[in-house]
Amino acid sequence: MFVEFNIAQQIVKISELLNKTELKIFDYGCGSGKFLKGIENIIKIIKPKIKLDILGYDIKNYNKYYKFSNTLSNDNYDIKLCSYCIHHIERRNHLEVIKFLTKKCTHTIIVEDERMFMNMCKKHLTLSSHITNYKNIKSQFYTKKELLDVLKHSNNKILYSSTIYFKWPFHKSRLFYNTFYYNPTMIIITKN
Ligand SMILES: C[S@@+](CC[C@H](N)C(=O)[O-])C[C@H]1O[C@@H](n2cnc3c(N)ncnc32)[C@H](O)[C@@H]1O
């Protein structure tokens, strides 16, 4: 919830910077849509006049909350969001995805688990079905400095970056039932 609240505040700031009350958002790797829907619900409380016009994109369609497309959009957006998705994509395709995320939009919001999280959850990630194909799972993740450098080298101006730690029970199996980790989530916003 802290992450969603933080992003809701940043989206309000972006709406002020752009002087717009309706923001067009592309959600890359949207999943069920629950994450951005949660952010939208917070915005409805803290700044009700702001409306989000959202298009979700994912390789799988299980979005329950807003418009969805299974092809990449060529339209212009105020914001492209990519939350917890980059580490699911093979490293060799990351630059291409980042290029898409930072083009044809004024702002990009990237939300990612830091590599430290991967080290803590290595066991879970090894077991996790959707990423078992990747031999070098570590290379899917970044430290904040690395991700900032990738963005800067692609000529993107960093507008905001922060790391939020939250207590997370990473595995529901009995073996790890009482084990909690502090999951570092990084939030990076670029002005493109
Ligand atoms: C951990 S979920 C994150 C979902 C959502 N963004 C959120 O924050 O809750 C990762 C999502 O990335 C999607 N994904 C994986 N590889 C992808 C790719 N190459 N292109 C688009 N989406 C992808 C998966 O289908 C999954 O829905």
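Two strands are taken to pair if DSSP finds at least two bridges between them, and helices (H or I, at least four residues) and strands (E, at least two) are themselves DSSP runs, numbered from the N terminus. The structure described here is a predicted model, in which local features need pLDDT of at least 70 and side-chain atom pairs count only at pLDDT 80 or more, whereas totals for chains, interfaces and linings use all residues. Residues are numbered from 1 along each chain as its sequence is written.

The secondary structure of the chain comprises six helices and seven strands, and their order along the sequence follows the pattern α-β-α-β-β-β-α-β-α-α-α-β-β. Of the 192 residues in the chain, 32% are buried, a residue being called buried if 20 or more other C-beta atoms lie within 10 Å of its own, exposed if 12 or fewer do, and partly exposed in between, with C-beta atoms placed from the backbone. Two residues are in contact if their C-beta atoms, placed from the backbone, lie within 7 Å; among contacts between residues at least 6 apart in sequence, 75% join residues at least 24 apart.

Several strands of the chain pair in the parallel sense. Strand E1 (residues 22–28) and strand E2 (residues 51–57) run parallel and are joined by seven bridges, with Leu23 standing opposite Leu52 in E2. E2 is in turn paired in the parallel sense with strand E3 (residues 67–69) over three bridges, and here the bridge partner of Tyr57 is Ser69 in E3. E1 also pairs with E4 in the parallel sense, over four bridges, and Ile25 stands opposite Ile79 in E4. Six bridges join E4 to E5, which likewise run parallel; Leu81 has Ile109 in E5 as its bridge partner, and Cys82 stands opposite Ile110 in E5. In a regular strand, the side chains alternate between the two faces of the sheet.

Two crossovers were assigned a hand, a crossover being right-handed if, with the strands pointing away from the viewer, the path from the first strand over the helix to the second runs clockwise. E1, helix H2 (residues 34–46) and E2 make a right-handed β-α-β unit, and a right-handed β-α-β unit is also made by E4, H3 and E5. When residues up to four places away in sequence are not counted, Ile11 touches Leu23, Ile39, Ile43 and Ile79.

Asp78 lies in strand E4 (residues 77–83) and counts as buried because it has 20 C-beta neighbours inside 10 Å. Residues up to four places away in sequence being left aside, Asp78 touches Ile14, Leu18, Lys20, Leu23, Lys24, Ile25, Cys105, Thr106 and His107. Asp78 and Lys24 are 54 residues apart in sequence, yet their C-alpha atoms are 5.3 Å apart in space.

Lys60, found in the loop between E2 and E3, is exposed because it has 11 other C-beta atoms within 10 Å; Lys60 and Gly29 are 31 residues apart in sequence and 8.6 Å apart in space, C-alpha to C-alpha.

The ligand is surrounded by 13 residues, the closest of which are Gly29, Gly31, Phe35, Ser83 and His88, where a residue is near a molecule or strand if its C-beta atom, placed from the backbone, lies within 6 Å of it. By class, this shell has six nonpolar, four polar and three charged residues; Ala, Val, Leu, Ile, Met, Phe, Trp, Tyr, Cys and Pro count as nonpolar, Asp, Glu, Lys and Arg as charged, and the others, Gly among them, as polar.
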